[in-house]
Amino acid sequence: IGNGMVGQRFMENLLDLDENKDCVISTFCEEPRAAYNRVKLTSYFETLDASDLTMTSEFDEEGRTPWYEENNVELFVGDKAVSIDTQNKVVTGASGKELPYDVAVLATGSYPFVPPIPGKQRPGVFVYRTIE
């Protein structure tokens, strides 16, 4: 659950370790595009091209990259996981998509910390964590 930088690297490492190709990987991605490098987010404003930040290859119109299909990874772009039924082992997305699982990995990211300083609520003061 989560298709940010950590989730992407986890999948890459899991696929490298899966010599027999037994793993089936599916991931919910709340954002409208697949994983991208948030560390380089500031450089996005130089070109306004999200593909400059991709962790695999260029994004298509649907926010995907060929890496997911090439590696048989099912990606639910724009679909936030909203519940996990641990008894029945099912994850449900905001779309209503229900996905059974054997093992669930939570790689849900974080939120930027805004220190308690005067003026943080003023116009023009903001934090950014996503392209949007």
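A disulfide is a pair of cysteine sulfur atoms within 2.5 Å, and the structure shown here, which is a predicted model, holds zero disulfides.

View 1. Cys 29 counts as buried, at 3% relative accessibility, whereas Cys 23 is partly exposed, with a relative accessible area of 33%.

**View 2. The protein as a whole, for orientation before the remaining close-ups.** The protein has three helices and five strands, and read along the sequence these elements follow the pattern α-β-α-α-β-β-β-β. Taken along the principal axes, the C-alpha atoms fill a box of roughly 55 × 35 × 25 Å. Of the 132 residues of the protein, 36% count as buried. Among the contacts with a separation of 6 or more, 55% are accounted for by residues 24 or more positions apart.

**View 3. Helix 1 (residues 5-17) and what covers its buried residues.** The 13 residues of helix 1 should span 18 Å at 1.5 Å a residue, and the end C-alpha atoms are 19 Å apart, which agrees with that expectation. The buried residues of this helix are Gly 7, Gln 8, Met 11, Glu 12 and Leu 15. Seen down the axis of helix 1, these buried residues fall within an arc of 135°, so they line one face of the helix. What covers them includes strand 1, helix 3 (66-70) and strand 2 (73-77). On the other side of helix 1, Val 6, Asp 16 and Leu 17 are exposed.

**View 4. The salt bridge between Arg 33 and Glu 132.** The structure holds four salt bridges, and in the one shown here the side chains of Arg 33 and Glu 132 meet at 2.7 Å, N to O. Arg 33 lies in the loop between strand 1 (25-29) and helix 2 (41-47), while Glu 132 lies in the segment after strand 5 (98-100), so the pair ties together parts that are 99 residues apart in sequence. The two partners can also be described by their accessibility: Arg 33 counts as buried, at 15% relative accessibility, whereas Glu 132 is exposed, with a relative accessible area of 55%.

**View 5. Two further salt bridges, Glu 31 with Arg 38 and Arg 64 with Glu 62.** Glu 31 forms a salt bridge with Arg 38, and the closest N and O atoms of this pair are 2.3 Å apart. Glu 31 is buried, with a relative accessible area of 15%, and Arg 38 is buried as well, with a relative accessible area of 19%, a value that falls under the 20% limit for buried residues. In the other pair, the side chains of Arg 64 and Glu 62 meet in a salt bridge with an N to O distance of 3.5 Å. Here Arg 64 counts as partly exposed, at 28% relative accessibility, and Glu 62 counts as exposed, at 53% relative accessibility.

**View 6. The hairpin of strand 3 and strand 4.** Strand 3 (residues 81-85) and strand 4 pair in the antiparallel sense over four bridges, and Val 91 in strand 4 is the bridge partner of Ile 84. The hairpin has four residues between the strands. Lys 89, whose place is in the loop between strand 3 and strand 4, has a positive phi of about 55° although it is not a glycine. Lys 89 is partly exposed, with a relative accessible area of 34%.

View 7. Thr 92 is buried, with a relative accessible area of 17%. Residues up to four places away in sequence not being counted, Thr 92 touches Phe 28, Lys 80, Ala 81, Val 82, Ser 83, Lys 97 and Glu 98.

**View 8. Leu 48 in the loop between helix 2 and helix 3.** The phi of Leu 48 is near 60°, which is a positive value in a residue other than glycine. Leu 48 counts as exposed, at 56% relative accessibility.

Methods
Residues numbered from 1 in each chain as written. Predicted model: local features only at pLDDT ≥ 70, side-chain atom pairs only at ≥ 80, totals over all residues. Heavy atoms only, no water. Buried < 20%, exposed > 50% of the residue type's maximum accessible area, 1.4 Å probe, protein only. Contact = heavy atoms within 4.5 Å. Helix = DSSP H or I, 4+ residues; strand = E, 2+ residues; numbered from the N terminus. Expected span 1.5 Å × (residues − 1). Arc of directions from axis to C-beta. Pairing = 2+ DSSP bridges.
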